[in-house]
Every structure is written in structure tokens, then in C-alpha cells.
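Have the chain open in your viewer and follow along, one region at a time.

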Amino acid sequence: MKILAFESSCDETAAAVVEDGRRVLSDVIASQADMHALYGGVVPEIASRKHTEVIATLTEQALAQAGCTRQDIDAVAVTYAPGLIGAVLVGLSFAKSVAFGWGVPLIPVHHLRGHIAANYLAFPDLEPPFLALAVSGGNTMIVDVEDYTRMKILGATRDDAAGECFDKAARVLGLPYPGGKPMDELAQQSKGGVYALPRAKVDGAELDMSFSGLKTAVVNLAHHAQQVGEPLDRAALARDFAGAVSQELVPRVVKAARLAGRKTVVAAGGVAANSIIRADLERAAKEESWRLYLPPLKLCGDNGAMIGAQGYYEYLAGHTAGMDCNAFATLDIDAPFPAGR
């Protein structure tokens with residue numbers, strides 16, 4: 001089964017053709033990162049307009065790269081939640097028109113389910129059940145993946161996402177947007193241990209997280225150093241910040257895996273590309289005797305192939321939608337399907 005898939009939840013427009021949920025025939029992406037870097041973050045209106053400008057051309061490129069014509073496509077999958085609502089609507093509206101015009105099913109896909117499914121593309125042997133750490137610019141959660149389309153949130157951030165904090169910390173340190181990769185590169189220049197940064201604990205919810213205090217602490221450290229004329233060890237602060245984020249995430253993953261009885265753990269999302277978090281997960285895997293799956297860096301960020309992968313399993317579960325399918329800016333990964341209809 002060949003699925004044409006679209007992703008447009010933030011600042012990258014992506015189209016891909018995926019076969020049987022596991023084989024990538026094409027995956028093309030138009031990034032807007034350079035444009036939004038001028039503003040230090042994503043400007044929603046600009047993102048929506050750029051999606052509109054390139055999505056049709058990307059579709060042609062994805063089909064050509066896959067060696068397919070419209071007659072070869074069996075279904076259309078698309079991100080319908082969560083994300084910047086205008087951006088999501090561009091992809092969903094375009095996918096609706098393609099599905100309607102070509103007479104094929106429309107498969108709405110939750111963005112974070114797609115990130116988790118990116119691992120299916122990299123690891124043919126991976127099958128549920130397993131525990132997933134889904135951590136990106138807009139979302140941070142620990143998910144018990146009981147089946148391909150049956151998931152349960154065990155823990156989540158109560159405020160900022162880890163990826164958002166990386167971007168804000170990078171901005172304070174004078175690094176470009178998006179901040180994940182520059183922060184990681186800067187952190188490699190120090191062993192850290194210089195700055196004491198806070199750790200959060202959510203009373204009554206041991207698996208939940210909070211990153212707003214950590215973000216504020218970095219901002220205050222940088223501003224204080226500037227105000228009193230003290231030097232700021234940028235590399236050490238980047239290292240200590242990444243370590244603090246990892247210490248918020250990894251111990252909770254360990255606890256969640258024990259509580260859920262899972263010995264297979266996967267990471268997903270853009271922040272899963274961070275080298276310090278990956279190393280800490282690998283150490284935990286050895287100590288806990290997990291089978292750990294870390295997606296290749298190219299599959300950590302937003303892409304269309306991951307939507308096609310999850311779309312295949314949503315289709316097998318009967319999760320298709322009509323032309324009245326709506327987009328959602330926020331939606332839990334375990335929300336009943338089809339949500340909001």
C-alpha cells in the first residue's frame with residue numbers, strides 16, 4: 001500500500017511516499033528555518049503562507065522521487081493535530097483536495113504519533129508494545145504504546161516543552177534559531193558542572209515534568225552576568241542546561257518503564273537528536289537491560305515519511321475521515337479517534 005503523506009504543523013513543509021508503513025519511497029522537505037531565524041522563532045502567519053507556496057511543488061517532487069503517479073497512490077495521510085493551527089490547516093486542506101480529487105481515503109495523523117512511528121522506518125524489527133519518550137519543540141511526554149494506534153500518556157510537561165526551552169536558552173546565549181543543534185555543539189566544548197540549575201517536581205504526579213523554571217534560571221543567570229560585568233561560561237551553561245533537561249527526562253523514563261513493565265524503549269522527536277540525552281538513555285538502557293531504539297538524526301525532526309508510516313497503521317485500524325475532518329492546535333496523543341467530530 002502506497003501512501004502520500006503531508007506534514008505542515010510548524011515551519012517545515014514535507015511530502016513523502018511510504019509503502020506499507022515501513023519503506024520510504026520519497027521524502028522531501030522545504031524548511032523555513034532561515035526565514036524564521038530573523039525573528040528568533042516561528043512567525044505563524046509567515047509559516048502558513050510559505051506552506052501554501054510550496055506544498056503543491058513538493059507533492060510533484062515526492063511523486064517523481066518515488067517513481068509514482070497519482071494512480072499508484074492508495075491513500076493520503078496528513079497531520080491534523082497538534083501544531084500551529086494555520087500551518088496545520090494548510091496541509092490538511094491540501095490533503096483533502098488531493099484525496100477527494102484522486103478518489104482515495106484520507107487518513108488524519110496525530111503529529112506525535114508520527115514522530116514515534118519514525119522509528120518503524122529505521123528499525124524493521126520494532127513492534128509495540130513499548131515505552132516512548134516523545135520530546136520536541138512543542139511537546140514533551142512519556143507514552144505507553146500498547147499497540148500501533150492505542151497509546152496512553154504516563155507523564156507530560158505541565159508547561160513548556162523541552163525543545164522550546166532549548167530554543168529560548170540558545171537565544172539568551174546568542175545562538176541562532178532553531179537552538180537545538182547549536183546548543184548541542186556548544187555543550188560539547190565543556191564538561192559542565194559550573195552552574196547549579198533547578199530540577200522540578202510535580203507533587204502527586206511523579207512522571208510529570210516542568211521546564212519553565214529551568215528556562216527562567218538560564219535567562220536570569222545570563223542577565224545577571226551581563227548586569228554585573230561577570231564573564232559567562234557559555235559552553236558550560238549549555239552543557240549544564242542540557243544535562244538538567246536530560247535529568248528531568250531520563251529518570252522519569254526509567255520509572256515509567258518499570259511501572260508499565262516495558263523492556264523496550266524508543267525516543268522520538270527533534271530533541272531526541274540531542275547527544276547528551278541520547279547518551280543518558282543509552283546508559284539507562286544498559287542498567288535496565290532495555291532494548292533501546294534511537295531514531296537516526298534525519299528522522300528526529302519533522303518529516304512526511306513519519307506521517308506516512310503512522311498513517312498506514314491508522315488505516316489498518318479503520319481510522320479514515322471525510323471532508324469534514326478538522327484541524328486542532330492542541331490534542332492529546334491518546335484522544336479518541338476521530339477527535340472532535
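## Two parallel strands

Let's start with β4 (residues 75-81) and β5, which run parallel and are joined by five bridges. Strands here are DSSP runs of E with at least two residues, helices are runs of H or I with at least four, and both are numbered from the N terminus. Two strands pair if DSSP finds at least two bridges between them. To find one of these bridges in your viewer, look at Val76, whose partner in β5 is Leu106.

A word on the ground rules: this is a predicted model, where local features need pLDDT of at least 70 and side-chain atom pairs count only at pLDDT 80 or more, while totals for chains, interfaces and linings use all residues. Residues are numbered from 1 along each chain as its sequence is written, and side-chain values use heavy atoms, with hydrogens and water left out.

## The sheet and its helices

Angles go from 0 to 180 degrees between N-to-C directions, using axes fitted to C-alpha atoms (for helices, over the stretch in contact).

## Ala87, on α3

Ala87 is in helix α3. Is Ala87 buried or exposed? Ala87 has a relative accessible area of 1%, so it counts as buried; the cut-offs are under 20% for buried, over 50% for exposed and partly exposed in between, with a 1.4 Å probe and protein chains only. Leaving aside neighbours within four places in sequence, Ala87 is in contact with Ser8, Ser9, Cys10, Ser48 and His51, where contact means heavy atoms within 4.5 Å.

## The largest core

The largest nonpolar core has 48 residues, and Met183, Phe241 and Val245 have the most contacts inside it. Such a core is a set of buried Ala, Val, Leu, Ile, Met, Phe, Trp, Tyr and Cys residues joined through side-chain atoms within 4.5 Å. Its largest share, 14 residues, comes from α8. Another core, of 35 residues, lies apart from it and includes Ala5, Ala118, Val145 and Met151.

How do α5 and α8 meet? Their axes come within 11 Å and cross at roughly 170°, which makes α5 roughly antiparallel to α8 (over 145 degrees counts as roughly antiparallel). Ala162, Cys165, Phe166 and Ala169 of α5 make the contact with Phe241, Ala242 and Val245 of α8.

## Ala200, in a loop

Ala200 lies in the loop between α6 and α7. At 25% relative accessibility, Ala200 counts as partly exposed. Neighbours within four places in sequence aside, Ala200 is in contact with Ser210, Glu248 and Arg252.

Methods
Angles under 35 degrees count as roughly parallel, over 145 as roughly antiparallel, 65 to 115 as roughly perpendicular and the rest as oblique.
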